[in-house]
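Reader: I have the model open and would like to go through its architecture. Please take my questions one at a time.

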Amino acid sequence: MSGEMLAGRTVLVTGASGGLGERFARICANAGAAVVLAARRTERLETIAAELRNTGAKTLALPMDVTSEASVEAAFDRAQAELGVIDSVVANAGIEHSGRVNDIAIEDFDAVFAVNVRGVFLTARTAAKRMQAADIAERGRIVLISSITARIVSPGMTPYSVSKAAVSHMGRQLAREWVRTGPNVNCLSPGYIASDLVNDWFASEGGQKQMNGFPRRRLVEEDGLDGALLYLLSDAARNTTGSDITVDDGQTL
């Protein structure tokens, strides 16, 4: 399906050491992009990067703490020195601290916003400034990973849900501010996806009850986001900015 859809692009993916971020990095590499894998867990990053290089992909694994402006700048500096200016970004890094509102430690609340909101902002702004300075922003692509929880009430997930609502609105704000210069900025909002992160929950009695409340009574398949991601990063999305694409198999209907 992907072919060489991203040939000639250099994509930086945050939170690429596992979960969705790892999949996004693999999909981009398979679509012909040079890929920068960024995360705090560098040992896992190196393993993934080596696997992709064995398939012929050009990859680079870099440490990045998205909550630190210095760390983000340093990662972009090294990526640019080795692969040229990054023209595509997937701001995927995110964390969750679940719990009822009265039980959540304020330190955990702050940690969620530091990664999920501040981290997305720093990643997007750093990327855009460099694209604009290099005069390549018109073809630039930034995809912010939000969530369907930004638009639904999810008891026990207040910090995460509210942080993702901020991400979705940030996507529109950034798109509007950069609408004449580029890059294009869009959000991708996944539903509940079959993965190691949620499979145990959805195998439980409570999870089964939740799933049975979905119109199709199932999770999004593992490859469900691939097409939307590739589109938003590709030349085909030149007229798409400020959008928030939901891929949830109808879970919010």
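**Helix packing and the sheet**

Author: One point to begin with: H3 passes H4 in a right-handed crossing. Bear in mind that this is a predicted model.

Reader: How are H3 and H4 oriented to each other, parallel or oblique?

Author: The axes of H3 (residues 69–83) and H4 (residues 106–133) come within 10 Å. They cross at roughly 40°. Angles under 35 degrees would count as roughly parallel, and 65 to 115 as roughly perpendicular. H3 and H4 are therefore oblique.

Reader: Which residues of H4 make the contact with H3?

Author: From H3 come Glu-69, Val-72, Glu-73, Phe-76, Asp-77 and Gln-80. By class, the contact has 4 nonpolar, 3 polar and 5 charged residues. The H4 side is made by Leu-122, Thr-123, Arg-125, Thr-126, Ala-127 and Arg-130.

Reader: How are H1 and H2 oriented to each other, parallel or oblique?

Author: The axes of H1 and H2 (residues 42–53) come within 11 Å and cross at roughly 20°. Their crossing is right-handed. Angles under 35 degrees count as roughly parallel. H1 and H2 are therefore roughly parallel.

Reader: How many charged residues are in the contact of H1 with H2?

Author: H1 brings Glu-22, Ala-25, Arg-26 and Ala-29. They meet Arg-44, Ile-48, Glu-51 and Leu-52 in H2. By class, this contact has 4 nonpolar residues, no polar ones, and charged residues numbering 4.

Reader: Which residue in S3 is the bridge partner of Val-36?

Author: Val-36 lies in S2. S2 (residues 34–39) and S3 pair in the parallel sense over 5 bridges. In S3, the partner of Val-36 is Leu-60.

Reader: Is Val-36 buried or exposed?

Author: Its contacts include Thr-10, Val-11, Leu-12, Val-13, Leu-60 and Leu-62. Ala-79, Leu-83 and Ile-86 are also among them. The relative accessible area of Val-36 is 0%, so this residue is buried.

Reader: How far apart in space are Val-36 and Thr-10?

Author: In sequence, Val-36 and Thr-10 are 26 residues apart. C-alpha to C-alpha, the two are 7.5 Å apart.

Reader: Which residue in S5 is the bridge partner of Val-90?

Author: S4 and S5 run parallel, joined by 4 bridges. The partner of Val-90 in S5 is Val-143.

Reader: Which residues of S5 point the other way from Arg-141, Val-143 and Ile-145?

Author: S5 is mostly covered, with 5 of its 5 residues buried. Arg-141, Val-143 and Ile-145 point one way. The other way point Ile-142 and Leu-144.

Reader: Which residue in S6 is the bridge partner of Val-143?

Author: S5 and S6 run parallel, and 5 bridges join them. In S6, the partner of Val-143 is Asn-186.

Reader: Last one. Is Asp-226 buried or exposed?

Author: Asp-226 is found in H8 (residues 226–233). It touches Arg-23 and Ile-27, leaving aside residues up to four places away in sequence. Buried means under 20% relative accessible area. At 9%, Asp-226 therefore counts as buried.

Methods:
Residues numbered from 1 in each chain as written. Predicted model: local features only at pLDDT ≥ 70, side-chain atom pairs only at ≥ 80, totals over all residues. Heavy atoms only, no water. Axes fitted to C-alpha atoms, helices over the stretch in contact; angles between N-to-C directions. Helix = DSSP H or I, 4+ residues; strand = E, 2+ residues; numbered from the N terminus. Parallel < 35°, antiparallel > 145°, perpendicular 65-115°, else oblique. Left-handed = near helix turned anticlockwise from the far one by under 90°. Contact = heavy atoms within 4.5 Å. Nonpolar A, V, L, I, M, F, W, Y, C, P; charged D, E, K, R; others polar. Pairing = 2+ DSSP bridges. Buried < 20%, exposed > 50% of the residue type's maximum accessible area, 1.4 Å probe, protein only.
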